[in-house]
Amino acid sequence: MKKEIEIILDSTHDAMIAVDKEGIITLFNKAAEKLTKLKAREVIGKYVADVIETTRLPYILETGNSELNRRQPLRDINIVTNRMPVRDEEGNIIGAVAVFRDITEILELAEEITNLKEMESMFRAIINSTQDAISVVDEKGIGVIINPAYTSITGLSARDVIGKYCTVDIAEGESIHLKVLKTKKSVKGARLRVGPKKKEVIADAAPIIVNGKLKGSVAVIHDLTEIKRLTSELDQAKQIIRKLEAKYTFDDIIGSHEKLVNAIEKAKIAAVTPATVILRGESGTGKELFAHAIHNASNRKYAQFIRVNCAAISENILESELFGYEEGAFTGALKGGKIGLFERAHGGTIFLDEIGEIKMSTQAKLLRVLQEREIVRVGGTKPIHIDVRIIAATNLDLEKAVKEGKFREDLYYRLNVIPIRIPSLREHKKDIYELVLHFIKKFNQEYGRCVNDISAEALKILMDYDWPGNVRELENFIGRAMINMKFNETVIKTYHLAKFIEKDEKEEREKVYIIKDNTNKNLPLKQVIEKVEKEYIEQVLRKNDYNKTKAAKILNISIRNLYYKIKKYGIEDKYFAKKCINN
């Protein structure tokens with residue numbers, strides 16, 4: 001009988017160790033030998049704690065309490081143990097027994113299962129959180145997975161799709177899942193209508209291959225309505241960006257005269273440095289064109305290019321436009337304040353045209369920008385760091401303005417780091433023919449003409465004129481000449497050219513104005529002076545084709561002052577609707 005019991009105990013998968021009431025090992029089966037790597041013949045008769053250091057059988061003998069499903073390490077493995085006391089018929093403890101098994105593999109398997117569950121949870125979370133609509137079918141075309149974005153686009157829930165054939169969501173078109181399952185190849189850009197509302201979508205699908213076998217298909221669908229909306233928004237954004245982009249490069253500067261070429265070479269060198277550039281030259285010489293080109297040749301060419309005509313903005317608002325303002329800074333300030341042009345140009349370039357026209361208080365703030373690379377909004381106290389490259393331009397004699405106290409000397413030196421003088425057109429007249437051909441090409445496209453040249457006689461007239469309005473005046477002149485041409489005419493002739501101003505600028509400035517209306521002789525002197533001033537400004541504007549920059553030069557006043565007088569006398573309402581050229 002004892003032999004049979006030993007055979008049974010040795011056959012069981014669970015390891016068993018039994019001790020008597022003294023803790024001496026009396027039973028040590030085959031499974032125990034395997035787990036402990038000890039032989040029964042070597043341990044039977046020994047004190048259990050001397051054989052297995054982590055044993056708790058002595059504790060069981062002492063307390064008489066059972067311990068069930070307890071984990072403990074055993075050498076290089078983990079075991080789970082049940083320990084119980086052995087009692088006689090009278091309840092006295094006569095020994096103890098431990099039954100245990102190796103759970104190392106079980107723990108590893110459980111860990112793998114846990115990892116798989118975590119991966120599954122993460123996978124589902126990713127699928128459910130993505131904005132792309134996803135559907136998955138098995139190799140038979142039966143739906144197995146969809147995400148909320150899919151439901152949002154198609155209007156179909158999991159109950160409508162999961163377990164159903166893959167054509168269930170198709171309103172118009174052919175199922176891309178079926179194409180993939182049939183060909184085992186991806187499908188891209190398929191246009192379909194899906195769901196009860198027949199939503200128009202674009203769909204991509206790809207096969208699911210596991211160990212070389214086709215296991216299903218996964219598809220991503222995009223709402224075409226949303227794509228159209230985003231495309232529209234992108235187009236609008238591009239339009240805005242175009243307004244902030246520099247449009248011209250050095251290739252757009254026409255001419256080969258030495259003076260112009262020297263200016264271009266100097267500008268190209270300036271472009272690759274972060275230094276401040278000031279462009280000097282008469283009105284119409286192309287200072288803005290140079291500013292565009294410098295920006296596009298710099299490492300800031302992909303950033304914003306902000307253009308500011310300092311003379312065209314009222315002194316009262318120029319500062320707030322440049323530097324922005326805080327909420328409540330002044331009456332009419334927007335709620336939340338407003339970002340300034342310097343902040344908008346952060347990382348890029350700001351072009352300050354007619355910089356000689358800004359008032360002294362604004363000059364002080366501009367000096368801070370150049371020195372500290374920071375601005376303070378109007379009504380604010382916190383400095384804001386900016387990274388902006390400044391290109392300035394003026395047709396004024398800044399050196400004279402400094403001497404007269406109209407322009408800060410320290411700002412002048414800060415701006416005059418890289419001065420570039422752009423020559424007037426009369427200094428490089430040999431470029432006139434090349435410029436004329438360029439403008440002919442431009443206006444052909446704008447006016448739908450087919451002009452291809454200018455006659456030698458007409459060109460001589462252009463070469464003999466001094467062009468006080470420089471390249472801009474030449475451009476306007478060629479435009480008017482082409483408007484005067486018939487559609488079948490291909491060469492600009494002398495009779496196409498408008499008449500030039502008969503008197504030069506000096507004579508115009510020194511001209512004595514005679515009051516023709518003698519009925520006003522009894523008016524107060526102030527009114528007579530204002531009347532004369534108004535009529536003379538109107539006359540100069542008319543004779544100069546309403547070119548304000550040229551008119552201001554003839555009148556020997558600043559552009560800002562001319563703007564003021566135009567508004568004061570109501571000339572703006574009367575003439576601006578015509579063809580006043582905005583400089």
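**Aromatic contacts in the predicted model**

Tyr-412 is buried, at a relative accessible area of 11%, where buried denotes under 20% relative accessible area, exposed over 50% and partly exposed the range in between (1.4 Å probe, protein chains only). Tyr-413, by contrast, is exposed, at 53%. The structure is a predicted model, in which local features need pLDDT of at least 70 and side-chain atom pairs count only at pLDDT 80 or more, while totals for chains, interfaces and linings use all residues. Residues are numbered from 1 along each chain as its sequence is written, and side-chain values use heavy atoms, with hydrogens and water left out.

Six aromatic pairs were found in a search of the whole structure. Rings of Phe, Tyr and Trp (its six-membered ring) pair if their centres lie within 6.5 Å, and planes under 30 degrees apart count as stacked, over 60 as edge-to-face and the rest as tilted. The pair formed by Phe-323 and Phe-342 is stacked, because the ring centres lie 5.5 Å apart with the planes at 10°. Phe-323 belongs to helix H13 (residues 315-323) and Phe-342 to helix H14 (residues 341-344), so the contact ties together parts 19 residues apart in sequence; helices here are DSSP runs (H or I, at least four residues), numbered from the N terminus. Phe-323 is buried at 1% relative accessibility, and Phe-342 is buried at 0%. Tyr-412 and Tyr-413 form an edge-to-face pair, 5.2 Å from centre to centre and with 70° between the planes.

Note on methods:
Helix = DSSP H or I, 4+ residues; strand = E, 2+ residues; numbered from the N terminus.
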